[in-house]
Amino acid sequence: MRPVIGRGLKIAVNTRLLLKNKLEGIGWFTYESLIRIVKSNPQHEFYFIFDRPYSDEFMFGDNVIPVVTGPPARHPILYYIWYEFSLPKVLNKLKPDIFISPDAMTSLRSPVPDLIVMHDLNFEHYPEIMPRVYRWYYKHFSPKFARKSSRIVTVSDFSRKDISQHYLVPEEKIDVVYNGAGLMYKPVSDVDTISVKKKYTDERDFFLFIGALNPRKNLTNIFKAFDIYKTNSKSFIKFVVVGEKMYWSDDIRNTYENMKHKSDVVFTGRLNQDELCKVLGSAKALVFASLFEGFGIPIVEAFNAEVPVITSNVSAMPEIAGDAALLVDPTDVYEISEAMASVESDKSLCESLVEKGRIRRSVFSWDNTASGLWESVLRTLK
């Protein structure tokens with residue numbers, strides 16, 4: 001990342017999702033990007049703005065100054081208060097050169113140049129999976145945030161086009177900065193694989209799903225496909241589902257309850273990162289056939305773990321997977337089932353997918369993410 005020539009900058013950052021032991025998608029993007037940007041730019045001051053007491057582990061350098069302003073924003077009413085009243089007061093006092101917001105929201109009342117990160121518009125495509133008040137907030141304010149912001153970062157070319165088309169924002173205003181994936185995801189030892197299978201699957205091979213258990217993740221069709229595959233193949237393989245039942249719909253529940261082979265489906269709930277790395281690395285394949293993704297981080301995590309991937313041929317998933325995954329129509333249960341059969345029966349296919357994944361994964365690193373985000377900062381300041 002090249003430094004800015006001239007005086008040091010004052011850079012304010014929305015860090016409300018940097019939560020100790022609770023980092024999720026946007027939180028990881030924030031953490032992995034900022035730790036690199038801060039350390040690469042010691043000549044600049046970074047004001048990290050939190051909505052609650054913070055952990056010292058997020059003070060990435062002596063050039064980080066923490067600022068806490070409430071209320072803790074975890075509900076649309078509190079979002080509005082924090083972004084439109086608390087945040088403008090802080091920015092007016094700090095008078096930064098730029099405000100960076102990794103969670104797609106900004107203050108409509110602040111004149112400070114702002115760079116927002118809009119990861120995807122899943123709420124526009126699948127609004128029914130979101131509680132009504134959250135849905136209203138995102139659908140009402142996101143277009144305003146997109147048009148007001150000085151510049152936008154998003155995580156795929158698909159999302160760039162999607163944001164531009166939905167919110168009538170020129171594509172030239174939007175930079176694509178791919179997510180990275182943790183290097184802790186890597187091939188596991190035979191000992192770990194044996195241990196994982198003993199713990200979860202009675203020592204059997206397994207397909208793996210990772211993600212929130214909501215309708216957009218397409219578990220209904222994946223369950224049906226697994227049932228078809230099991231019936232046709234007579235295989236002993238199991239299906240492990242990792243994730244919280246965030247919006248476990250009646251449709252998902254009824255499909256699962258009516259499965260012929262539901263006894264071969266194993267729900268682990270949410271796993272800590274160390275355990276998730278072992279489970280992913282032990283899988284026969286990752287089945288990530290969502291109906292919509294703005295990126296799809298589990299795809300890259302599987303590339304790092306050297307595990308074959310089955311994913312969808314819609315939204316951002318083909319862009320992220322490239323030629324390193326089996327692409328399926330997420331609405332076609334027979335196509336998903338056939339992909340499962342191919343992975344289990346064709347060793348050369350699996351070896352080819354893993355090798356292509358090794359090549360493809362080099363595109364997605366947090367170093368690249370941080371560099372891309374910093375370049376967007378510089379463009380915003382021009």
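**Before you start**

This is a predicted model, in which local features need pLDDT of at least 70, side-chain atom pairs count only at pLDDT 80 or more, and totals for chains, interfaces and linings use all residues. Residues are numbered from 1 along each chain as its sequence is written, and side-chain values use heavy atoms, with hydrogens and water left out.

**Stop 1: colour by confidence**

Colour by pLDDT, the predictor's confidence in each residue, from 0 to 100. The chain averages 95, and 98% of the residues score at least 70. Now select residues 1-5, where pLDDT stays under 50 and the model has 17 contacts beyond four places in sequence; contact means heavy atoms within 4.5 Å. Where pLDDT is low, the predicted coordinates should not be read in detail.

**Stop 2: the sheet of 7 strands**

Switch to a cartoon view. Helices (H or I, at least four residues) and strands (E, at least two) are DSSP runs, numbered from the N terminus, and two strands pair if DSSP finds at least two bridges between them. Look for the open sheet whose 7 strands follow the order β3-β2-β1-β4-β5-β6-β7, with parallel pairing. Select β3 (64-68) and β7 (174-176): these edge strands have a single partner strand each, so one side of each is left without a neighbour in the sheet. On average, neighbouring strands here are turned by 20° against each other, direction ignored. Angles run from 0 to 180 degrees between N-to-C directions, and axes are lines fitted to C-alpha atoms, for helices over the stretch in contact.

Zoom in on β6 (residues 151-154), which pairs with β7 in the parallel sense over 3 bridges. Thr 154 stands opposite Val 176 in β7.

**Stop 3: Ser 376**

Stay with helix α14 (residues 366-381) and pick Ser 376. Is Ser 376 buried or exposed? Ser 376 counts as buried because its relative accessibility is 0%; buried means under 20% relative accessible area, exposed over 50%, partly exposed in between (1.4 Å probe, protein chains only). Draw a distance to Asp 175: the two side chains make a polar contact at 2.7 Å. Such a contact is a pair of N or O atoms within 3.5 Å; within protein, one must be able to donate a hydrogen and the other to accept it, and residues adjacent in sequence count only if both atoms are side-chain atoms. Setting aside residues up to four places away in sequence, Ser 376 touches Leu 115, Arg 151, Val 153, Asp 175 and Val 177.

**Stop 4: aromatic rings**

Take Phe 29 and Trp 366: their ring centres are 6.4 Å apart with planes at 80°, so the pair is edge-to-face. Phe 29 belongs to helix α1 (residues 25-40) and Trp 366 to helix α14, 337 residues apart. Both Phe 29 and Trp 366 are buried.

Next, select Tyr 137 and Phe 141, a tilted pair with 4.7 Å centre to centre and 35° between the planes. These two are 4 residues apart in helix α4 (residues 132-148), so about one helical turn separates them. Ring pairs link both into a cluster whose members include Tyr 79, Phe 123 and Trp 136.

**Stop 5: Asn 179**

Move to the loop between β7 and α6 (190-200), where Asn 179 sits. Asn 179 counts as buried because its relative accessibility is 5%. Beyond its neighbours within four places in sequence, Asn 179 is in contact with several residues, among them Phe 29, Phe 295 and Trp 366.

**Stop 6: the sheet of 6 strands**

Finish at the open sheet with the order β10-β9-β8-β11-β12-β13, also with parallel pairing. Its edges are β10 (265-269) and β13 (326-328), each with a single partner strand, so one side of each is left without a neighbour in the sheet. From one strand to the next, the twist averages 25°. Last, show helix α12 (residues 333-345), which packs on this sheet, touches β8 (206-210), β11, β12 and β13, and makes about 165° with the direction of β13.

Technical notes
Phe/Tyr/Trp six-rings, centres within 6.5 Å; stacked < 30°, edge-to-face > 60°.
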